[in-house]
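Hi there,

Here is the structure I promised to pass on. Please have a look at it first, and then read my notes below.

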Amino acid sequence: MADIKGILFDKDGTLVDFNATWLGIADFMAMDAAEGDRWKADRLLAAAGFDFVSKRFKPDSIFASGSNMDVVELWFPRLSDEDQMLAVARFNEITSVQGSSMAVALPGIIDSLRTLHKKSFRMGVATNDSTSGAEKTLATLGVAQLFDAAFGYDAVANPKPAPDTVVAFCDLTGLKPSEIAMVGDNRHDLEMARAGGCGLAVGVLSGTGTRDSLSPMADVILDSVADLPDFLSARVSAAAS
């Protein structure tokens, strides 16, 4: 067993309550894109993975796991490169400001992050939100000081599920990939863990992913990051014995 010394966390659905934080923002983005046309906005939301029956985004859907560039490419497939970048900038502004200010931490997360920090784990965020949005969210939750860095899709050449963020975190901390645990609620989080050679891929059921969607890629599945400190402690004890 690798000695885990650093942890990369996905943000939405892992640290932040995805639905409580993002449903209203996703609707605002869709209405903005549809220029106020409710019918068109609903079609855009459905295309991005929103299930109007369960009132939740589907696992691994564009809005659950993609970047704002992915959303723009889906909703505006025929934009010029210049207009595409303007649309991405508009959505980055919405998600950075509103997404961070409305962020709702999942139950038990703040205490767990503090516990992990006291145990000297190096911690980072790996998200397909913007870096600015991630940093502002950590500040809103009052935990920014616990993290070494937040990496958004715009902080690396290739965002999740590519391994670039794992490489960047290792460069920053001096840790090896085998000493890193990646924690997330979607397959692309775990795919990045595998691609980057992480020592541990942890799936959590606190977001849009399900046990069925996460099991093929995860070393372990927990209900929430709130369970992570005890799991890591038990893992160390098992390795020692």
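This is a predicted model: local features need pLDDT of at least 70, side-chain atom pairs count only at pLDDT 80 or more; totals for chains, interfaces and linings use all residues.

Residues are numbered from 1 along each chain as its sequence is written, and side-chain values use heavy atoms, with hydrogens and water left out.

Let me begin with the sheet. Six strands make up an open sheet with parallel pairing, in the order β5-β4-β1-β6-β7-β8. Strands here are DSSP runs of E with at least two residues, helices are runs of H or I with at least four, and both are numbered from the N terminus; two strands pair if DSSP finds at least two bridges between them. At the edges are β5 (149–151) and β8 (220–222), each of which pairs on one side only. From one strand to the next, the twist averages 25°. (Axes are lines fitted to C-alpha atoms, for helices over the stretch in contact, and angles run from 0 to 180 degrees between N-to-C directions.)

Strands β4 and β5 run parallel and are joined by three bridges. A126 lies in β4 (residues 122–126), and its bridge partner in β5 is F151. Helix α7 packs on the sheet, where it touches β4 and β5, and its direction makes about 140° with that of β5. Helix α8 (residues 164–173) also packs on the sheet, touching β1 (6–9), β4, β5 and β6 (180–184), with its direction at about 150° to that of β4.

Is A126 buried or exposed? A126 has a relative accessible area of 0%, so it is buried (under 20%; exposed is over 50% and partly exposed in between, with a 1.4 Å probe and protein chains only). Beyond its neighbours within four places in sequence, A126 is in contact with residues including L8, F9, D10, F151 and M192 (contact means heavy atoms within 4.5 Å).

Now the helices. Helix α5 (residues 81–101) packs against α7 (residues 131–141) at an angle of about 15°, with the axes 8 Å apart. The two are therefore roughly parallel to each other (angles under 35 degrees; over 145 is roughly antiparallel, 65 to 115 roughly perpendicular and the rest oblique). In this pair, S96, G99, S100 and S101 of α5 meet S132, G133, K136, T137 and T140 of α7.

Enjoy exploring!
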